[in-house]
Every structure is written in structure tokens, then in C-alpha cells.
Amino acid sequence: MKNSLIAGAGHYLPERIVTNDELSTLMNTNDAWIVERTGIKERRWFTPGKDTVTSMAKQASEKAIKNAGVKTSEIDFIIFATITPDYFIPGNGVLLQRELGLQGIGALDVRNACSGFVYALSIADQYIKTGMYQNILVVGAEIQSSALDKSDEGRSSAVIFADGAGAVVLQATEEPGRGILSTHLHADGDYAEELYVKDPGSSREVRISEDLIHSGSFNLKMNGNTVFKHAVVRFDEVIREALAAHQLGPKNLDLLIPHQANLRISQFVQAKLGLEEEQVFNNIMHYGNTTAATIPVAISEALEQQRISPKDLVCLAAFGSGFSWASALIRW
């Protein structure tokens, strides 16, 4: 059985930087309040008319393909993780496929929100290990800023979520001991409404109406306390699960790349695992929570900053809406 390794990564972030001070002009908040609760100093919001989920994903993908040292024509499958597609239907996978000139290859969309990229990576890993594909483009991209309630009522989520795209090329290798060692996926639908966007939903007599629009059901709703309490438990569990599957412990990790949900969550998990600061990669301070894009953006930046070297043991971990959570353990 073949192994699958991340041969290259790339990312794209919109040029518009939105500071905490700017948000304080839109809602009753301030820099100190936001930093204390989230660790975020600034984030990126898309430019309407310039940025789309597809265009951002294309730029991230082209960088990943170049860094992987393969031709675009060698990509034989696309898995696209997003909960903010450009269209209600079809999914974003085919739109990216078209932009890359890869008509004819398969394109799969994953809607597992913050865990979406790790879920997508796990699917790609299975396809490669069974020999079905050789080079799979795995993408996470989101535009969340247009779905936020930028009023005082919605400030707890509006200060967190942001826009961006990241991509990796997952490639088959014959080299033993390298690549994705295992992935671990979980979910608990009992908490689906603790972090969700209710509309547009199909199970309505009318999918879109003035009453629905005025109800605020098109905006993101989050029970922050519940999310935090579950996240710190599930992050710790799923990271330890991945390590234990290979008779390893936290001390063996060279780098943990967690989903960038909240800097407080990452720091709490770091402390529970007994990790040093250099063992954890965080960039939420600059980019906010870009949902499915956070981990591939972080991978790309970590590689650019030489935070990852060949043979390093790297763990990816995510928790988010669903609730769903997941991890991937990788020998780089």
C-alpha cells in the first residue's frame, strides 16, 4: 500500500486588513476586549468584485502545485472543503476545476466547517493509499465576512471569523514511514445548533423571504461558551488519540498545527499537552478564524517560515461546527 505525503502547499489572503479598531466603529467593542477573548489583532476580509471563494482557492492551489513540483495536468482529483461556496449549487470543487483547466477529473465537496480540511485530507489519503489517485488537490477556502452580523448582537462571532484560502497537493509515495500516518474523525450532532447558520435551508415552505431575512437566520450563530468547553476537551482527546495509535506521546511532536479557532483554545490545549511554544503554530492573531482554510494556510506559512523539516512529526487537529473534530498525524 502506498503512503500519501503533502508535496506542496500554498495560500492566499485578501488584501483588505480589518483591525480591531475598525471593528470598534461598527459595534460596541475594542481592541483590548477582542485580544483578551480571542487573541486576534487583525483579520482579512474579501474585496467584493475581486475576491471569490473560487478565485482565492485558485491562487492558493497554483502555489501549492508549483511548490509540489508537479504540473497542473498531473492533478487527478480535487477535494474542496468550504461552508461558504460561491453558489448554493453546484459545489466549489467544479468551479475550481474549471478555473484550473482540469475538466474531466473528479471534484468532491466537503462541508464539515472548521474540521473540513482534515476530513478532506483523510478522504484524499484513503484514495491515494488504495492506488486510485496519485496527486490530489485538497483545498480549504472561505468567505465568512459576508455572513457575519456586524452589530452589537453579533459581535462575539463577528470579531472572530474571516476570509482566506489554503491548499495542498497530496501525493503518492513509495517511501516507507513518510506521509500521513493516520487520521481520526469524530462528530456529535447533538450540538449542531450551538454553531450554525440556519438559512437558507431547504426545509422551509419558502426558502427565502423577508421574514427570514429580518429574523437574522442567515447570520452565523454561536454559543461561544459551549464551543470553548467542548473544543478544549476534544482537541486534547483527538491529538492524544493520533499519537497513541503509534505508541507516541506529546513530547514526540515537532509541531502541532491546530485549527485557528481562538488563541485561548490553542494555548489551553498547549498547556494540557505540556508542549513548548515552539511546538505549536499559531497565526490567528493576524488572520482570524478562516474556518476550513486555517490549517492549510498555517501549513503553507509554517513551510515558508521553515518551521517544518523533513522527518518532523506534525499533528493537525481541528474542532468546529457539527460538532465535528479530527486529527491527522504526519511524518514529514
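How many aromatic pairs does a search of the whole structure find? In this predicted model, the search returns 7 aromatic pairs. One of them is formed by Tyr191 and Phe323, whose ring centres lie 5.2 Å apart with the planes at 5°, so the pair is stacked. The two residues come from distant parts of the chain, 132 residues apart: Tyr191 belongs to the loop between β8 (179-187) and β9 (195-196), and Phe323 to the loop between β12 (313-320) and β13 (324-331). Tyr191 is partly exposed, with a relative accessible area of 26%, whereas Phe323 is buried, with a value of 1%. Ring pairs also connect Tyr191 and Phe323 with Phe319 and Trp325 in a cluster.

The charged end of Lys150 sits over the ring of Trp45, at 5.0 Å from its centre, and that of Arg155 sits over the ring of Trp33, at 4.5 Å from its centre.

Among the strands, β7 (residues 163-173) is mostly covered, with 10 of its 11 residues buried. Strand β1 (residues 3-12) runs antiparallel to β7 and is joined to it by 9 bridges; within this pairing, Ser4 stands opposite Ala172. Strand β6 (residues 135-143) likewise pairs with β7 in the antiparallel sense, over 9 bridges, and Glu142 has Gly164 of β7 as its bridge partner.

A parallel arrangement is seen for β4 (residues 77-81) and β5 (residues 106-110), which are joined by 5 bridges. The chain passes from β4 through helix α4 (residues 92-100) to β5, forming a right-handed β-α-β crossover. Between these strands, Ile79 has Leu108 in β5 as its bridge partner.

Key
Residues numbered from 1 in each chain as written. Predicted model: local features only at pLDDT ≥ 70, side-chain atom pairs only at ≥ 80, totals over all residues. Heavy atoms only, no water. Pairing = 2+ DSSP bridges. Helix = DSSP H or I, 4+ residues; strand = E, 2+ residues; numbered from the N terminus. Right-handed = clockwise from strand over helix to strand, strands pointing away. Buried < 20%, exposed > 50% of the residue type's maximum accessible area, 1.4 Å probe, protein only. Phe/Tyr/Trp six-rings, centres within 6.5 Å; stacked < 30°, edge-to-face > 60°. Lys NZ or Arg CZ within 6 Å of the ring centre and 35° of its normal.
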